[in-house]
Amino acid sequence: MSREPVSGSGRLTRRETMAGLAGLSLAGGRAEAQGTAEATGIVYATDVTGVDRAPLPGVLVSNGREIARTDDQGRYRLPIPGDGAVFVIKPPGYALPRDADNVPRHSYIHQPDGTPASLGLRYRGVAPTGPLPAAIDFTLTRVDEPADFDVVLFTDPQPESRFELDHVRDTAVARAMAIPAAFGMTMGDVLFDDLSLYGRSNRIVGRIGLPWYSLPGNHDLNMQAPDARYSRETWKRVFGAPTYAFRHGRAWFVMLDNVEWLGPPVPVGANTYRGRIGERSLTFLRNLLAEIPRDDLIVLAMHIPLVTDTTPDDPHGITTDRAALLDLLAGRKVLSLAGHTHTTEHHYPAEGHHHHVLTAVSGSWWSGPDTRTGIPSADSRDGTPNGFHVLSVRGTDYTTRYVPAQGQPDETMRLLFESEARGGAVEVIRLTRPVQGLRPPVPQDALADTTLVVNVFDGGPRTNLAFRIGERPAQAMTRTRRTDPFVAELFARYPETKKSWVQATPSTHIWTARLPDDLSPGAHRVTVEGTDEYGRPIRSCTVLEILGERGRG
């Protein structure tokens, strides 16, 4: 069921929307001069009726570097030299205002002259805001906010056209609408370079009915910008500050823009960005950590991973200043979330720090043959079906779970039988039925060189797996870094359906085991079971059929 905002839940007035203040009320007119370089205002609390409005002390407000705490009168002061932003860090038990598409309005963008027209940006940026207001006030609504809650996690929906945005709507969004949750998040690449689609994308995702927080990726950039300073102009106009934070229950959510734009690509198509948090945002995090109790849960969201198996040394694929970040977080309980690679990975870069690279909503960038719905199969290059995750927070503990965007909603793994004797060139593969060489029956004389291959779609280094044939004793399976034979065949069979850069890549969540060579002809039950990254049981079964006649040479 869709969860639309109810009356009094913080919708913006037409005046606030037209003024571009997005959830902020400005009091006392304008400051006489910008020379003061100081933002000040009051944080208010109100009930859902909007009648009972009072100053709210003890709330954190930031300019993206320094952090102020409101005093007994709800007032704060922050330096804001030049262009910048001011945002409130939502405390537990309160809700931010949302627009008609459920985008939370947490910040005020201060850009007196707006986006320079001389930049020639393809997509509209920030309109001139004029001098710094005399007061920038935030109003929060008191709500019931349990410490146990779920969060829907998207990354890389990445529609390259309005037709691919249809796919986002009819897969991940449609499935997420049936999942109870407190809010949702997207970890970057909301779009694929065409920033004119933000309005429609927000309208579609907004129908899930949850407050939906987003941060930008490398495909959310203003690519005509000469450097990083003006690379988020459209993002700021649509969403507000690219880096910000909020609290929910006993968890602190920190949204970090870690894509640094280095300038227009020469030649066109070259990567001119890198993964980098930067000194300003690291200082913001350091100041925020001083306000966070040592035993609270910290959830960091970013686009480019801290660590990835896919491109472990490529500055376009990792966060280059991750060492400084890990030093700041030492001794804390941290879950960090990323996207970008279109793979699914679990890493543990430091004690108490779990880094989860999430499944992409677009999978293989909406590649692959059309399914019976007319939507591409979109299987990711590591063999994971396209989808998303759900984060479950229970106090300061958490788990995540993978949700396929298409097919069966509880699918967790794929079982295949790969025989060296049945391998074939691309030309041979295209003449056989799909996956014919990876399914039973298996000739008895091919058992010795047949491998059971299991892709646990959200598996990682703490996942354990074993298999059992019939009533035989269970045998451990080995985690093996290799390509998924299913997706490798898929891309070879349907090359015309995939984008040019899409290739099967080694996966971090494949388990293998050789079949015993003494199995009798007939049908055998194969059970694969074990535990996932959180120790939860996982299980799947299939039938292995063995042919008794010997293959012909």
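In this predicted model, aspartate 156 lies in the loop that runs between β11 (148–154) and α2 (162–176). Its phi is near 50°, a positive value in a residue other than glycine. Aspartate 156 has a relative accessible area of 0% and is therefore buried.

Asparagine 102 likewise is not a glycine and has a positive phi, of about 65°. Asparagine 102 is placed in the loop between β8 (94–95) and β9 (107–110). With a relative accessible area of 0%, asparagine 102 is buried. Most residues other than glycine have a negative phi, and most peptide bonds are trans. A cis peptide bond leads from proline 440 to proline 441, with omega near 5°. Proline 441 belongs to the loop between α7 (426–429) and β25 (442–443).

A further loop residue is threonine 505, located between α8 (485–493) and β30 (510–514). Threonine 505 has 15% relative accessibility; because buried means under 20%, threonine 505 counts as buried. Apart from neighbours within four places in sequence, threonine 505 is in contact with Thr343, Arg381, Asp382, Arg482 and Thr483.

As for the chain as a whole, the protein contains 8 helices and 32 strands. Of its 553 residues, 58% count as buried. Among contacts in the protein with a separation of 6 or more, 73% are between residues 24 or more positions apart.

Aromatic pairs number 19 in this model. Two of these are set out below, each with its geometry.

| Pair | Arrangement | Centre to centre | Angle between planes |
|---|---|---|---|
| Phenylalanine 183 and phenylalanine 253 | edge-to-face | 5.2 Å | 85° |
| Tyrosine 198 and phenylalanine 239 | edge-to-face | 5.3 Å | 90° |

Phenylalanine 183 is part of strand β12 (residues 183–187) and phenylalanine 253 is part of strand β15 (residues 251–255), so their pairing ties together parts 70 residues apart in sequence. Phenylalanine 183 and phenylalanine 253 are both buried. Tyrosine 198 counts as buried at 1% relative accessibility, and phenylalanine 239 is buried with a relative accessible area of 6%.

Phe183 and Phe253 also belong to one aromatic cluster, together with Phe149, Tyr213, Tyr244 and Phe246.

Charged side chains also meet aromatic rings. Arginine 53 lies over the face of tyrosine 44, at 3.6 Å from the ring centre. The ring of tyrosine 348 has the charged end of arginine 462 over it, 3.7 Å from the ring's centre.

How do helices α5 and α6 pack, and at what angle? Helix α5 (residues 279–289) packs with helix α6 (residues 322–329) at an angle of about 5°, and their axes are 10 Å apart. Angles under 35 degrees count as roughly parallel, and α5 and α6 are therefore roughly parallel to each other. On the α5 side the contact is made by Leu282, Leu285, Arg286 and Leu289, and on the α6 side by Ala324, Leu325, Leu328 and Leu329. By class, this contact of α5 with α6 comprises 7 nonpolar residues, 1 charged residue and no polar residues.

Conventions
Residues numbered from 1 in each chain as written. Predicted model: local features only at pLDDT ≥ 70, side-chain atom pairs only at ≥ 80, totals over all residues. Heavy atoms only, no water. Phe/Tyr/Trp six-rings, centres within 6.5 Å; stacked < 30°, edge-to-face > 60°. Helix = DSSP H or I, 4+ residues; strand = E, 2+ residues; numbered from the N terminus. Buried < 20%, exposed > 50% of the residue type's maximum accessible area, 1.4 Å probe, protein only. Lys NZ or Arg CZ within 6 Å of the ring centre and 35° of its normal. Axes fitted to C-alpha atoms, helices over the stretch in contact; angles between N-to-C directions. Parallel < 35°, antiparallel > 145°, perpendicular 65-115°, else oblique. Contact = heavy atoms within 4.5 Å. Nonpolar A, V, L, I, M, F, W, Y, C, P; charged D, E, K, R; others polar.
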